[in-house]
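Opened the notebook on a new protein today. I wanted to see what its fold looks like and which contacts hold my attention.

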Amino acid sequence: MTQETMLNRLGEALERSAEADLAPLRRITGRRLAVGLAVLAVVVPGAAIAVGSLTGADQVAQSMPAGTLALAGTEPTCTVVKDNVEFHCVLAHAPAPEISDWRGTVEPTVDATKHVNGGCRSLRSDGTEWECYLGQEAVSQQIIGAGFLGAYAPSPGVG
């Protein structure tokens, strides 16, 4: 048997195998396809909403130093004030002494995907107590601008 004949037989065998694998997909009617697409249209956004609802106190605590270098090493601990919107955070260590009075200072928060997801406002002069807001509420609280929400932030902000 020549090499060309072997390659032809191999090619034919691959085609038969592929046709057998795809045969069940050909049986999907237009109606079944429409129903499947309708189900996906409901399930996919629902899954996205469910993932969005998983933002908790631990994620917010991690997002503080991810947004601002001066908060690195401060070990924030946050508690939920309003689910997925507002969090009260306390730092185990004061932030870097870049600012003499932290009270009223606002800083962005950055999620695990390195996107700005909200921001926090310092409640104390020593910078150890913060109120944090996610999403549009951070814009409403005038912590971040609307155009900054969702922006890519590959490293913590400085200054």
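Predicted model: local features only at pLDDT ≥ 70, side-chain atom pairs only at ≥ 80, totals over all residues.

My entries follow, from the overall picture down to single residues.

Entry 1: I then looked up the secondary structure and got four helices and five strands. Reading from the N terminus, I wrote the order down as α-α-α-β-β-β-β-β-α. The protein has 159 residues, and 27% of them count as buried. For contacts with a separation of 6 or more, residues 24 or more positions apart account for 50%.

**Entry 2: the sheet.** In what order do the five strands sit in the sheet? I found β1-β2-β5-β4-β3, an open sheet with antiparallel pairing. Its edge strands are β1 (76-82) and β3 (106-110), each pairing on one side only. I got an average twist of 30° from one strand to the next. I zoomed in on β3 and β4 (residues 116-122), which run antiparallel and are joined by five bridges. Within that pair, I noted glutamate 107 with cysteine 120 in β4 as its bridge partner.

**Entry 3: helix α3.** What does α3 pack against? I listed the buried residues of this helix (residues 57-67) as Ala57, Val60, Ala61, Ser63, Met64, Pro65 and Gly67. The buried residues of α3 pack against β1, β2, β3, β4 and β5 (129-134). I recalled that an α-helix has 3.6 residues a turn, so residues three or four places apart point the same way.

**Entry 4: threonine 68.** I moved on to the loop between α3 and β1, where threonine 68 lies. Is threonine 68 buried or exposed? I get a relative accessible area of 4%, and the cut-off for buried is under 20%, so threonine 68 is buried. Leaving aside residues up to four places away in sequence, threonine 68 touches Glu107, Pro108, Pro156 and Gly157. With glutamate 107 I also found a polar contact between the side chains, at 3.0 Å. That is the glutamate 107 from the sheet entry, whose bridge partner in β4 is cysteine 120.

**Entry 5: arginine 103.** I looked in the loop between β2 (86-91) and β3, and arginine 103 is there. At 57% relative accessibility, arginine 103 counts as exposed, because the cut-off for that is over 50%. What does arginine 103 touch beyond four places away in sequence? I have Ser122, Leu123, Arg124 and Ser125. A polar atom of the arginine 103 side chain lies 2.8 Å from the backbone oxygen of leucine 123. I also checked glycine 127, 24 residues from arginine 103 along the chain, and their C-alpha atoms are separated by 6.5 Å.

**Entry 6: salt bridges.** How many salt bridges does a search of the whole structure find? I got one. Arginine 124 forms a salt bridge with aspartate 126, and their closest N and O atoms are 3.2 Å apart. I looked up the accessibility of each partner. Arginine 124 is at 38% relative accessibility and counts as partly exposed. Aspartate 126 is partly exposed too, with a relative accessible area of 33%. Arginine 124 is also among the residues that arginine 103 touches.

Note on methods
Residues numbered from 1 in each chain as written. Heavy atoms only, no water. Helix = DSSP H or I, 4+ residues; strand = E, 2+ residues; numbered from the N terminus. Buried < 20%, exposed > 50% of the residue type's maximum accessible area, 1.4 Å probe, protein only. Contact = heavy atoms within 4.5 Å. Pairing = 2+ DSSP bridges. Axes fitted to C-alpha atoms, helices over the stretch in contact; angles between N-to-C directions. Salt bridge = Lys/Arg side-chain N within 4 Å of Asp/Glu carboxyl O. Polar contact = N/O pair within 3.5 Å; in protein donor to acceptor, adjacent residues only side chain to side chain.
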